[in-house]
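Hello,

Here is the structure for your files. Please look it over, then read the notes below.

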Amino acid sequence: MNNEQKFLVESIIDDVARYIVEDEDATILDALNTVYNSQFYEKLMDLGTGIYYQSPAYCYELLKHELKYGKTI
């Protein structure tokens, strides 16, 4: 993972965690725990999926889908 990819991935994680805090009234630790223990995170870290090029809002929708239905799209 190069520096640009690392920056994009870290930015998405930060933003998605912030969305969880805002929408679910969760703590930042709980939000990060949700992100890091998700299938979404695994797919985000797999650079071949290209998810790290998507907007944080789109990524949050992917995570919400996983949390609701038990799997990512």
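Is K64 buried, partly exposed or exposed? K64 counts as partly exposed, at 33% relative accessibility. Buried means under 20% relative accessible area, exposed over 50%, and partly exposed in between (1.4 Å probe, protein chains only).

Before the rest, some ground rules. This is a predicted model, where local features need pLDDT of at least 70 and side-chain atom pairs count only at pLDDT 80 or more, while totals for chains, interfaces and linings use all residues. Residues are numbered from 1 along each chain as its sequence is written, and side-chain values use heavy atoms, with hydrogens and water left out.

Salt bridges come next. The whole structure holds 2 of them. The term means a side-chain nitrogen of Lys or Arg within 4 Å of a carboxyl oxygen of Asp or Glu. Side chains of opposite charge can pair when their charged atoms come close.

K64 pairs with E61, with the closest N and O atoms 3.1 Å apart. Both residues lie in helix α4, 3 residues apart, about one turn of the helix. Helices are DSSP runs (H or I, at least four residues), numbered from the N terminus. E61 is partly exposed, at 44% relative accessibility.

R18 forms a salt bridge with D15, at 2.9 Å from N to O. This pair sits in helix α1 (residues 3-24), 3 residues apart, or about one helical turn. R18 is partly exposed, with a relative accessible area of 43%.

Last, L67. Helix α4 (residues 56-69) contains L67. L67 is exposed, at 54% relative accessible area. Its C-alpha atom is 8.4 Å from that of S38, 29 residues away along the chain.

Best wishes

How values were computed
Helix = DSSP H or I, 4+ residues; strand = E, 2+ residues; numbered from the N terminus.
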